[in-house]
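Colleague: I would like to learn how to read helices, their packing and a chain contact in a model such as this one. Could you take me through it step by step?

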Amino acid sequence: MLKQYPTLRFILQRAGWYLLTFLVAVVINFALPRLGSDPVDIIMGQNSGGDPAMQEIKRVSFLKEFGLAKLDDKGEVVYDSVTNAQGVKERMPVKKGIVEQFTTYVGKTLQGDLGSSFQKYPKKVTEVMGDAVPWTVALQLPTIVFGWIIGNLLGALAAYKRGTFDRVFFPMALLFSAVPFFVFGMLLVYFFAVQWGMFPAMGGFAADIVPGFNLEFFGSAAYHYVLPFFSIFLISAGGQAIGMRSMGIYELGTDYIKYAKWLGVKETRILLYVFRNAMLPQLTGLALSLGAMVGGALITEMIFSYPGLGMAMLTAIQFNDYPVIQGVTLIITTCVLIANFTVDILIAFLDPRVKAGLQMGGN
Amino acid sequence: MKILKNLLKSPMFVIGIGLFLGTLFLAFLGPLFANMSLDRVASSYAPPGDGLLLGADNLGRNYVALLLHGLRNSLYVGFLAGIIATTVGTLIGIYGGFKGGIIDDILSVTTNLFIVIPQLIVLILISASLKDGRSLTLIAVIIGATGWTWSARAVRAQSAALKSRDHIALARINGDGTFAILVKHILPYLASYVFMVFIIQIASGILSESAISMLGLGPMDTQSLGIILNDAKANGALGDGIWWGIFPSTILITTIVFSLYLINTSMEGVFNPRLRRE
C-alpha cells in the first residue's frame with residue numbers, strides 16, 4: 001500500500017519499532033521497582049514526620065492513587081487484620097493482584113498521570129518534573145549536538161592531516177573521552193569556581209533572582225550555564241572525534257578517494273566527500289550512545305546542583321521518593337527514544353544508500 | 001607472540017598497559033606497605049602531612065587506606081561486570097549471528113530494544129528497589145547483566161560475516177554440529193575482537209559503578225572509588241576546596257579508564273592495518 005512512498009513507509013516502520021521499545025520500557029519501569037521490595041510496604045513505611053493521623057491519611061491516599069490497594073464500594077481501602085508477634089491486631093491494606101496493578105499503572109501512565117511525590121506531597125510528579133525538564137533539555141540538547149558536530153570536524157581533520165596535528169590531537173581526544181563526565185565536572189568546579197572564582201559552582205541561576213522572562217534572569221542563567229556546558233561538551237566531542245578519525249582514515253584509503261586525488265580534485269572537496277560518507281556511521285553511533293550520554297550528563301547535573309532532572313532524581317533517591325524516581329526514569333527513556341527516532345529519520349533522509357535501498361523496495 | 005611483538009611496538013599500548021599494571025600493583029601490593037585501618041586517626045579533612053600522605057576524610061579516616069580499599073573494590077566490580085557482560089554478549093551475539101533466522105531475529109530485537117534504553121536508568125531502578133544488601137558482587141552482577149547489549153550487537157555482526165566463509169561450509173560437510181563450529185571455527189577468529197570488547201566492558205563497569213555510587217545507590221558498607229568521591233562531594237569537599245578529597249580518586253578512575261582505552265585503541269591499530277601509522 002505504501003510502496004510508492006518508501007520514505008514514509010520507513011518512518012512508519014521505525015515509529016512502530018520505537019513504540020514497541022517504549023512499551024518494554026514501561027514494563028521495565030513497572031516491574032523493576034517491584035523486584036526488591038513491595039511498593040505497599042514502602043508506602044506504609046514512609047515517614048515524612050508530623051502528625052501520625054495525617055501520615056495515615058497520606059499513606060492511604062497513595063495506595064489509592066497508585067492502584068495498589070483493593071477498594072470497597074465507597075472507594076475506601078479494604079483492610080486486613082494481621083496479628084503480629086506480640087499478639088497486637090494491626091490493620092494492613094489488602095493488596096490488588098499484580099496484573100491489576102499493572103493495568104492501572106499503564107492506564108494512568110498513558111493518561112500522563114504519574115501520581116504524587118512522596119516528599120513534596122501533594123505536588124504531582126509531573127509538576128516536579130515539569131520544573132526540571134526545561135533545564136535538562138537546555139543543557140543536554142546543545143551540548144550533545146555541538147559536541148557531535150565539533151568533534152566530528154576535528155576528527156575528520158585529524159584523519160586527513162595525520163602528522164603532528166594528529167599525534168597531539170588524538171591522545172588528547174582519547175584522554176577527554178576517557179574522563180568520566182562527573183570527574184571532569186568536578187575538576188572544572190574545583191578550578192574555575194572554587195579556586196579562581198571565575199564561574200559559579202552550583203545552581204542554574206543566582207539564588208536571589210526570581211525566574212522569569214527578564215534579562216537579569218537569562219544573564220544569570222547563561223553565566224551558570226558555562227561550566228556544565230563545557231564539562232559535557234568537551235567529553236562528548238572527544239568521543240566523537242575518535243570515532244570520526246578512524247572512520248575518516250578508513251574512507252581516505254578507499255579507491256574513490258585515491259581516484260579523486262589522482263584526478264586532481266580540490267582538497268576541500270575531497271574532505272567534504274570523506275566527511276559526508278564517514279558522517280553517517282557516526283550518526284548511527286550517536287543514536288547508539290545517546291542513552292549513555294544522557295546518563296552521564298545527568299550525573300554532571302548533580303555535580304553542579306543544576307536544577308534539572310539529574311538533581312530531581314538525586315533528591316528523590318535521598319528521600320526514597322519512588323514515584324518521582326519512576327517518573328524521571330520514564331521521561332528520560334522516552335526522551336532518549338524520541339531522540340533516537342529523530343536520528344533514524346535523519347539518516348534515512350541523508351544517506352543515499354538507505355534512500356536507494358528504500359526505493360528498490362528493500363528495508 | 002607476533003601480535004604481542006607488534007603491540008609492544010605501539011607506544012600507546014606500552015603506556016596503556018604500563019598505567020593499567022601500575023594501578024593493579026597499587027591495588028594489590030599497596031596494602032602490604034600501607035596502614036589499611038579505616039579507624040578515625042585525624043581530625044575532619046585533616047590536610048596531607050603528619051604521616052598521612054593524602055590527608056583524612058570528613059570522618060578523619062586515612063585517605064590512603066580508603067583509596068586502596070576503594071581501588072581494589074572498583075577493579076573487582078569492573079572485572080566481574082566485564083566478564084559477565086562480555087560472556088553474555090558474546091554468547092548471544094555469536095549464536096544469533098551464526099544461526100540466523102527466527103532465533104537471530106528474536107535475539108537481535110531484544111538486543112536492540114535494550115540498547116536504546118539507557119543502562120544507567122535500568123541500574124537506578126534496580127538499585128533503588130534493593131533497599132538493603134547491595135554488595136559489591138551484586139552491583140557487579142547487575143552492571144554486567146545490563147551492560148551486555150552492545151557487545152552482543154558487535155559480536156553478532158562479526159559472527160554473521162564469518163558464517164558464509166568456506167571453512168565453515170567444510171566443517172559442516174565434515175559433520176560438525178553448531179556448537180563445535182562455533183567453538184572451533186568461529187570463536188578463534190573473534191578472540192581478539194572479544195578481548196577488545198572485554199577491555200571496554202571493564203572500563204564501563206568501573207564507570208557504571210562510580211556513576212550509581214555518585215547517586216547514592218552503589219554498594220553499601222564498603223568502599224569504592226565512586227563511593228569515596230560521593231562521600232567527599234556530599235560532605236562539602238568540592239565547595240571547600242579540599243583537593244585531597246576529590247583529586248586522588250578522580251585521578252585513579254580516569255587513569256584506569258584511560259589506560260584501558262589506550263590498550264583497546266592500540267589493539268585496534270594492530271588488528272586493523274589501515275589504522276597503522278605509516
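Colleague: How many residues does helix α5 of chain A have, and what distance does α5 of chain A reach from its first C-alpha to its last?

Modeller: Before that, please note that this is a predicted model, in which local features need pLDDT of at least 70 and side-chain atom pairs count only at pLDDT 80 or more, while totals for chains, interfaces and linings use all residues. Residues are numbered from 1 along each chain as its sequence is written, and chains are lettered from A and ligands numbered from 1 in the order in which they are written. Helices (DSSP runs of H or I, at least four residues) are numbered from the N terminus, and the expected span of a helix is 1.5 Å times one less than its number of residues. Helix α5 of chain A, residues 98–110, has 13 residues and reaches 18 Å, close to the 18 Å expected. A:G112, whose phi is positive, near 80°, follows α5(A).

Colleague: At what angle do the axes of α6 and α12 of chain A cross?

Modeller: Two packed helices are described by the angle between their axes and the distance between the axes. The axes are lines fitted to C-alpha atoms over the stretch in contact, with angles running from 0 to 180 degrees between N-to-C directions. For α6 (residues 125–161) and α12 (residues 309–318) of chain A, the axes come within 7 Å and cross at roughly 140°. That makes α6(A) oblique to α12(A), since angles under 35 degrees count as roughly parallel, over 145 as roughly antiparallel, 65 to 115 as roughly perpendicular and the rest as oblique. The contact (C-beta atoms, placed from the backbone, within 7 Å) involves A:V128, A:M129, A:A132, A:V133 and A:T136 of α6(A), and A:L309, A:M311 and A:A312 of α12(A).

Colleague: How many residues does each chain give to the contact between chains A and B, and which helix supplies the largest share on the side of chain B?

Modeller: Chain B gives 39 residues and chain A gives 46. On the side of chain B, α4 (101–116), α5 (119–129), α9 (178–214) and α11 (243–271) each supply at least two residues, and the largest share, 10 residues, comes from α11(B). By class, with Ala, Val, Leu, Ile, Met, Phe, Trp, Tyr, Cys and Pro counted as nonpolar, Asp, Glu, Lys and Arg as charged, and the others, Gly among them, as polar, that side has 28 nonpolar, nine polar and two charged residues.

Terms used. Contact = placed C-beta atoms within 7 Å.
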